[in-house]
Amino acid sequence: MDLQFYNSLSRRKEKFIPLNPGQAGLYTCGPTVYNYPHIGNYRAYIFEDILRRTLKYFGLRVNQVMNLTDVDDKTIRDAAKEGLPLNQFTQRYKDAFFADLKTLRIEPAEHYPAATEHIPEMIDLVRKLLERKVAYQTEDGSVYFSISRYPKYGCLVNLDPQQLRSSGRVNHDEYDKESVSDFALWKAREPEDGDVWWDSPWGPGRPGWHLECSAMSMKYLGESFDIHTGGVDNMFPHHEDEIAQSEAATGRQFVRYWLHCAHLIVEGKKMSKSLGNFFTLRDLLDKNFSGRELRYVLLGTHYRQPLNFTFQGCRDAKAALERIDDFTERLRRCQDKSLEDNNQQFKSVIERAESDFRSALADDLNTAEALAALFNMIRDVNRLLDQNNISSQQSNKLLHLLSQFDSVLGVIEPDKKEPVPPEIERMARERQEARKQKDFARADSLRDQLTELGWMVEDTPEGPKLKRLV
Ligand code: AMP
Ligand code: ZN
């Protein structure tokens, strides 16, 4: 089965053919470490994690690079506001970011290059662009990319070449499509930069944000590589500028597949720092949602569909995960049986689940469909379990299949369970005993006591089960 991705560059789905057979080079634009990421940012990182895990599921060896933007307009501005040296200020947010990745079960990338540690590579790239005459220096010691000297400018976001005229120069890292401009590769030192500057052939200054990603991606993945990703807001100017700088410098195609995720929105608007309509991961943990639950919310919608964030969505995720947990626990409790007559039925359930799951992911990472394949299987197997028609060998097969699915989804494995205190276990046993003796009054009173202590007893065909009340 072929993997297919929607390529923003060609604006259609394409079969994924890696440059080097069996390997995939992947560059994912990382966080600007000036604040705690909001869960909109994590939608992008979860989508990229699913992409990474899917490539591996399809047998590819992945080399993923995620940069850390630790010098740009925003980091400098906010470090100065706090009166902290830039590296001390950004370290706090780097640490928080890595802690969040763990909570959200995001697999680590192979490389996390920080911009401040790659200034020589960036200077080198600016030098090449000046040599090729697609960049020019200004009197203050800045260097700009000249879009009029690069005819392919606008290929990613489909700007009309006839209309393409630079509206001047822009030295901010962020600007919009209405102001297509020559953009800064190297920014001459300004008073507000304080002591954040490096020496260069053009005088003291610092790199532009777009240049950072070009230099770091090509350093770790080569001048031409397979996949580059980000949120749709990164397409312009960030990714458009990356293509221009990199291809003008090397004369080669920079990236073969561009993948962009749609936004996480709140009441119709993009979740963003500037609008103030955001939640951080910590905000949600404080509201008693787990990283696993949030991960489920973020991957439940296909990455190219806008995802409307609601607390109801988080509660639904909790319920869906509980269904998965109940199912895996049921499988673990299965007793051995000889079930010759049922083997065919079992085999077809497994085969369908496996093939539906795989084809959903192959079709441009359709996680919503992949989850549907999982829940269809749970429904079918639950029916067989109700009829006591699953042997322990079969249940082991199913558990193995679930762990293969989980190598992509990362939500099936339950959180480490809180151990049941011996006193609670004793009460549950006593209640079970009372039920056997048909002393229902005593059984009910023990159930009430357990509830008061924060534990729920659930009577299942496999016996009573204790659950912590949230
Ligand atoms: P930033 O730290 O602003 O550079 O953003 C990091 C990543 O998060 C980028 O890939 C952005 O495109 C992405 N991003 C920012 N806001 C959202 C959102 N509301 N929904 C999805 N992705 C987002
Ligand atoms: Zn980037």
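Predicted model: local features only at pLDDT ≥ 70, side-chain atom pairs only at ≥ 80, totals over all residues.
Asp-364 is buried, at 1% relative accessibility. Asp-364 sits in the loop between helix 10, residues 343–362, and helix 11, residues 367–386. Its phi is positive, about 55°, although the residue is not a glycine. For background, most residues other than glycine have a negative phi.

There is another residue of this kind to look at. Lys-133 also has a positive phi, near 60°, and Lys-133 is not a glycine either. You will find Lys-133 in the loop between helix 4, residues 119–131, and strand 5, residues 135–137. Is Lys-133 buried or exposed? Lys-133 is exposed, with a relative accessible area of 58%. For Asp-364, remember, the value was 1%, and that counts as buried.

Staying with the backbone, please go to Phe-236 and Pro-237. The peptide bond that joins them is cis, with omega about 0°. Most peptide bonds are trans. Pro-237 has its place in helix 6, which covers residues 235–250.

Next, helix 8, residues 291–299. How many of its nine residues are buried? Nine of the nine are, so helix 8 is largely enclosed by the rest of the structure. If you want to click through the buried residues of helix 8, they are Gly-291, Arg-292, Glu-293, Leu-294, Arg-295, Tyr-296, Val-297, Leu-298 and Leu-299. Note that Arg-292, Glu-293 and Arg-295 are among them, and that arginine and glutamate count as charged.

One of those residues, Val-297, takes us to Cys-314. Cys-314 is found in helix 9, and Cys-314 is buried, with a relative accessible area of 3%. Leaving aside neighbours within four places in sequence, Cys-314 is in contact with Phe-289, Val-297 and Phe-309.

Helix 9 runs over residues 311–332, and it packs against helix 11 at an angle of about 40°, with the axes 11 Å apart. Helix 9 and helix 11 are therefore oblique to each other. Their crossing is left-handed. From helix 9 the contact uses Ala-320, Arg-323, Ile-324, Phe-327, Arg-330 and Leu-331. From helix 11 the contact residues include Leu-374, Phe-375, Met-377 and Ile-378, and also Arg-379, Val-381, Asn-382, Leu-385 and Asp-386. Sorted by class, the residues of this contact are ten nonpolar, one polar and four charged.

The other helix pair for today is helix 13, residues 422–436, with helix 14, residues 440–452. Their axes come within 8 Å and cross at roughly 160°. How are helix 13 and helix 14 placed to each other? An angle over 145 degrees counts as roughly antiparallel, and helix 13 and helix 14 are therefore roughly antiparallel to each other. The crossing of helix 13 and helix 14 is left-handed. On the helix 13 side the contact is made by Ile-424, Met-427, Ala-428, Glu-430, Arg-431, Ala-434 and Arg-435. On the helix 14 side there are Phe-440, Arg-442, Ala-443, Leu-446, Arg-447, Gln-449 and Leu-450. The class count for this contact is eight nonpolar, one polar and five charged residues.

Last, the whole chain. The protein chain has 14 helices and 16 strands. Its C-alpha trace spans about 95 × 50 × 35 Å along the principal axes. Of its 470 residues, 53% count as buried. Taking contacts between residues at least 6 apart in sequence, 75% join residues at least 24 apart.

Conventions
Residues numbered from 1 in each chain as written. Chains lettered and ligands numbered in written order. Heavy atoms only, no water. Axes fitted to C-alpha atoms, helices over the stretch in contact; angles between N-to-C directions. Helix = DSSP H or I, 4+ residues; strand = E, 2+ residues; numbered from the N terminus. Parallel < 35°, antiparallel > 145°, perpendicular 65-115°, else oblique. Left-handed = near helix turned anticlockwise from the far one by under 90°. Contact = heavy atoms within 4.5 Å. Buried < 20%, exposed > 50% of the residue type's maximum accessible area, 1.4 Å probe, protein only.
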